[in-house]
Amino acid sequence: MTVSYTLEVANVRFGGFSKLLFRWKGSIYKLLYKEFLLFCGVYFFFSVFYRFLLTPKQQDLFERIALYCDQFTNTNFIPVSFVLGFYVTLAFNRWWGQYTSFPLPDNLMMVVSGNVHGTDERGRLLRRTLMRYANLSSVLILRSISTRVHKRFPTLEHIVEAGFMTTHELKKFESLHSDFNKYWMPLTWFSNLASRAREEGRVRDDMALRLLMDELNKYRAKCSLLFHYDWISIPLVYTQVVTIAVYSFFGFCLIGRQFLNPEKGYKDHKMDMYVPVFTLLQFFFYSGWLKVGELIINPFGEDDDDFETNQLIDRNIQVSMLAVDDMYQNLAPIVKDKHWEQRHFSIPYTVSTAAETLKPAFKGSTFDMRMSCEDLEIHQPADTDESKQFLSLDVSSQPNGKEDTDEEDISATNHKQQEKTFLKVAVGHN
């Protein structure tokens, strides 16, 4: 199941992210521990080999090789950060695009429920069949790209057994020969059945039919986009470049980051720490970054954080049938709301949220901006009268009996104003 920790980071607090570091499921430790142990094992093998199994002459040769390899790990010969950063960014954008392309029937089921009419058995049958066709199409496309869904429905007979397709529909589906994926076929049935419903008067006008077709095309486009995401991957050469860059970098680190004999006075080898702490951290960061790209490049697998496609299928078929069947013309009595007689009313708060009522409502960043007399002075062209004029606005003298209404608005926006406001504006200057 997808690992969710949204509630735990709802509020920023001390050590908020630190508490997430001790989780195992969906963690980087679970993805990386095998590679990390392998790297540590190979590193310490070379360390023991250098210290105890080589002759002094062979140790000199090993030390020269180590110093040479260290040049490639301490400089920019291998741009691991740049290559990994760009690759993971590309993979993340692809991951988010696949998530937003998941075909959800919500819009389509609302249109079907509101425009395919009939409380009799025929009307109910039409609505349920239309939504079954839509869900069948998503099952077919997910079955072709998701390992979880394919394991759930390994054959078309399993889809028939699940109720997404009838035996007669299966025969029609198999009778149409095509070398390509036929996930679109149930959507064609949807289109034909909607046209028949229009002929029967179940869809009452052409505008309603057009709305059905528009939502159907949007749904079909998402199914098609998922198929193309699965078909067109990030170019293999780029994935190979990233993998070779990371592996070769740490391959050089196995030799170049060895602690050499400090008595020989090699540069940057004045201490013998035995355990390369910072090299291990660097391996954890870079290899973990590569694992992130490997995880999100295809979210339709069986990793801890991959999409829960089977649960989405269950959710989609259930809510779509409820919307077009149980909820069709299922309305509560229309009554006056609780605040019908009140012109001004407030919604109650709980005790724990009552303090929010003391906060003033945000009305704009310039609402309380202070203005000087010079800011209020209007500049007139040179050919006008330069005498100063003052305009007095009396609230009580406004026409149409709006005195009380304006006073209430002024009091609501600024409690420091008086009931009558006089604004003197200079329209010229001496």
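Helices α5 and α9 are roughly antiparallel to each other, given that angles over 145 degrees count as such. In this predicted model, the axes of helix α5 (residues 121–145) and helix α9 (residues 185–199) cross at roughly 160° and come within 8 Å. The crossing of α5 past α9 is left-handed. On the α5 side, the contact is formed by Arg 122, Leu 126, Thr 129, Leu 130, Tyr 133, Ala 134, Leu 136, Ser 137 and Leu 140. These meet Pro 186, Leu 187, Trp 189, Phe 190, Leu 193, Ala 194, Arg 196 and Ala 197 of α9. By class, the α5 contact with α9 comprises 13 nonpolar, 2 polar and 2 charged residues.

Met 213 is located in helix α10. Leaving aside residues up to four places away in sequence, Met 213 touches Phe 190, Ser 191 and Ala 194. Met 213 and Ser 191 are separated by 22 residues in sequence, with their C-alpha atoms 7.1 Å apart. Phe 190 and Ala 194 are also listed in the contact of α9 with α5.

Helix α10 (residues 206–231) packs against helix α4 (residues 106–115) as well. The two axes come within 9 Å, crossing at roughly 165°. That angle makes α4 roughly antiparallel to α10. The crossing is left-handed. From α4, the contact draws on Asn 107, Leu 108, Val 111, Val 112 and Asn 115. From α10, it draws on Ala 208, Leu 211, Leu 212, Glu 215, Leu 216 and Tyr 219. The residues of this α4 contact with α10 divide into 8 nonpolar, 2 polar and 1 charged.

A further helix pair is formed by α3 (residues 80–100) and α12. Their axes lie 9 Å apart, at an angle of about 25°. Helices α3 and α12 are therefore roughly parallel to each other, as angles under 35 degrees count as such. This crossing, too, is left-handed. In α3, the contacting residues are Val 80, Ser 81, Leu 84, Gly 85, Tyr 87, Val 88, Ala 91, Phe 92 and Trp 95. Their partners in α12 are Tyr 286, Trp 289, Leu 290, Val 292, Gly 293 and Ile 296. The contact of α3 with α12 has 12 nonpolar and 3 polar residues, and no charged ones.

An unreviewed UniProt entry lists residues 36–54, 75–96, 237–260 and 272–290 under "transmembrane region". Two of these spans were examined in the model. Residues 36–54 are 95% helix and 0% strand. The end C-alpha atoms of that span lie 26 Å apart. Residues 272–290 are 74% helix and 0% strand. Here the end C-alpha atoms are 30 Å apart.

Charged pairs were also examined. Side chains of opposite charge can pair when their charged atoms come close. The structure holds 20 salt bridges. One of them joins the side chains of Arg 257 and Asp 70, at 3.9 Å from N to O. Arg 257 lies in the loop between α11 (236–256) and α12 (277–296), and Asp 70 lies in helix α2 (residues 56–73), so this pair ties together parts that are 187 residues apart in sequence.

Definitions and conventions
Residues numbered from 1 in each chain as written. Predicted model: local features only at pLDDT ≥ 70, side-chain atom pairs only at ≥ 80, totals over all residues. Heavy atoms only, no water. Axes fitted to C-alpha atoms, helices over the stretch in contact; angles between N-to-C directions. Helix = DSSP H or I, 4+ residues; strand = E, 2+ residues; numbered from the N terminus. Parallel < 35°, antiparallel > 145°, perpendicular 65-115°, else oblique. Left-handed = near helix turned anticlockwise from the far one by under 90°. Contact = heavy atoms within 4.5 Å. Nonpolar A, V, L, I, M, F, W, Y, C, P; charged D, E, K, R; others polar. UniProt positions renumbered as here; feature names shortened; annotations may be inferred. Salt bridge = Lys/Arg side-chain N within 4 Å of Asp/Glu carboxyl O.
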